Each structure stands twice: as structure tokens, then as C-alpha cells.
Amino acid sequence: MSQIEKDVLWGKKKEAIVFPLLQSKYPDVYQTEDQFDCFDFRDDVNKIDFELKSRNMIKGKFDTIFFGWNKLLEGRARRESGYSKRTIYLFRFQNRADKRKHVIYFWEDDMEIPLDKMPFQYCGNFKRGEEAQKLVNLPQLWLKPFKELVYEPTESGVENNNTRL
């Protein structure tokens, strides 16, 4: 099995762990079928995209956390087209007290930061033979605990009441 296949399988296992937690807050959420879909979860009723990034480290080990610039662009394009109302990035970290357990944080892209002001860096997973690519270099101070992710359904979907730190 190639390193990429191992990473995909590892990611799918983490999605299976997080999905019931997400479903407890968003009953209409489902896992996307295609492994190459830009987002891992979707709520069509409330028009919300969710992307899970699992990290095999403790939150705060680094000041920032990376995810693909392409995901940021796709999330914004879906919002601008009206396909989505919210884009939420979930981050799964190891629990500080017990590394076999995990903690979930999130960041919601409210699109208030223009793309030319969004922190980024060029780097890649060289263990997998990737070339450097543009990645969002998100400050971990912007992440909030999963328990603070608020679900408030309205007739037209979900209103955004989560503000960036």
C-alpha cells in the first residue's frame, strides 16, 4: 500500500470517528461519497460544507495549522455562488492527557479576511513525494473548541453567529 493510500485510509477512519459528533449537532449532515470531493461532510438543508483535517499531534504544538489553499478557494466559491451559506473547517488533534483520544476544534471562514490578507505558505508533505503547494497557514488562536460550534436553524437555513477570535 502506498503512503497516499495509507493516508487516505487513516483520514477515512478519522472521519468515521468525527461523523457521529458532527451529526449530534447537525442532524442533516452526511459524509460525501467521493474521496476527491473538496469537503468531507455536507448539510444540504442548511447549506453547510465541513472539511476535517486530522493531525497526529497535540493542539498548540505549533502556532499555526495548514490546510489546502484549494479548499479555501472552493469554499469561498461555493458561498459566492449561493451553493453554501457556511464553510467550517474541523481540526482533530490528539488529547493532551491521553494521545489515544482526540479533541476537535473548528474555524469558520466568514470571508471577512480577503484572500490577499489570508496567511499562507508554500510547503508540502515530502514523505508522500508532494511538491510544494500553497497552503493556508491558519493561526491556532483562531480555532474554537467544537462544543462552541452553534447550530441555529432558521426557515432559510442556519445563521452564522460564530465570530473569529
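1. A network of salt bridges links Arg42, Asp44, Asp49, Glu74 and Arg78, where a salt bridge is a side-chain nitrogen of Lys or Arg within 4 Å of a carboxyl oxygen of Asp or Glu. The structure, which is a predicted model, holds 8 salt bridges. Residues are numbered from 1 along each chain as its sequence is written, local features need pLDDT of at least 70 and side-chain atom pairs count only at pLDDT 80 or more, while totals for chains, interfaces and linings use all residues. Side-chain values rest on heavy atoms, with hydrogens and water left out.

2. Because Arg78 lies in helix H2 and Asp49 in strand S3, the pair ties together parts that are 29 residues apart in sequence; helices (H or I, at least four residues) and strands (E, at least two) are DSSP runs, numbered from the N terminus. Arg78 counts as buried at 13% relative accessibility, and Asp49 counts as buried at 0%, given that buried means under 20% relative accessible area, exposed over 50%, and partly exposed in between (1.4 Å probe, protein chains only).

3. Arg78 also meets the side chain of Glu74 in a salt bridge (3.9 Å, N to O). Both residues lie in helix H2, 4 residues apart, or about one turn of the helix. An α-helix has 3.6 residues a turn, so residues three or four places apart point the same way. Glu74 is partly exposed, with a relative accessible area of 32%.

4. Which residue forms a salt bridge with Arg76? The partner is Asp109, with the closest N and O atoms 2.8 Å apart. Asp109 lies in the loop between S6 and S7 and Arg76 in helix H2, so the pair ties together parts that are 33 residues apart in sequence. Asp109 and Arg76 are both buried, the latter at 7% relative accessibility. Leaving aside residues up to four places away in sequence, Arg76 touches Asp109, Met111, Ile113, Pro114, Leu115 and Met118, contact meaning heavy atoms within 4.5 Å.

5. Helix H2 covers residues 69-81, and its buried residues are Trp69, Lys71, Leu72, Gly75, Arg76, Arg78 and Arg79. At 1.5 Å a residue, its 13 residues should span 18 Å, which agrees with the 18 Å between its end C-alpha atoms; the expected span is 1.5 Å times one less than the number of residues. Just after H2, Gly82 takes a positive phi of about 90°.

6. Strand S3 (residues 48-58), which holds Asp49, is mostly covered, with 9 of its 11 residues buried. Strand S2 (residues 41-43) runs antiparallel to S3 and is joined to it by 3 bridges, two strands being counted as paired if DSSP finds at least two bridges between them. Phe41 stands opposite Phe50 in S3, and in the hairpin of S2 and S3, which has 4 residues between the strands, Lys47 takes a positive phi near 55°.

7. S3 also pairs with strand S5 (residues 86-94), here in the parallel sense over 8 bridges, and Tyr89 in S5 is the bridge partner of Glu51. As 9 of the 9 residues of S5 are buried, this strand is largely enclosed by the rest of the structure. S5 is joined in turn to strand S6 (residues 102-108) by 7 bridges in an antiparallel arrangement, with Phe91 opposite Tyr105 in S6. S6 is itself largely enclosed, because 5 of its 7 residues are buried, and it pairs with strand S9 (residues 144-145) in the antiparallel sense over 2 bridges, where Pro145 is the bridge partner of Tyr105.

8. Another 3 strands form an open sheet in the order S4-S8-S7, with antiparallel pairing. Strand S4 (64-68) and strand S7 (120-123) are the edge strands, each pairing on one side only, and the twist averages 40° from one strand to the next. H2 packs on the sheet, touching S4, S7 and S8, and its direction makes about 70° with that of S4; axes are lines fitted to C-alpha atoms, for helices over the stretch in contact, and angles run from 0 to 180 degrees between N-to-C directions. S7 is joined to strand S8 (residues 133-139) by 4 bridges, among them the pairing of Tyr122 with Lys134 in S8.
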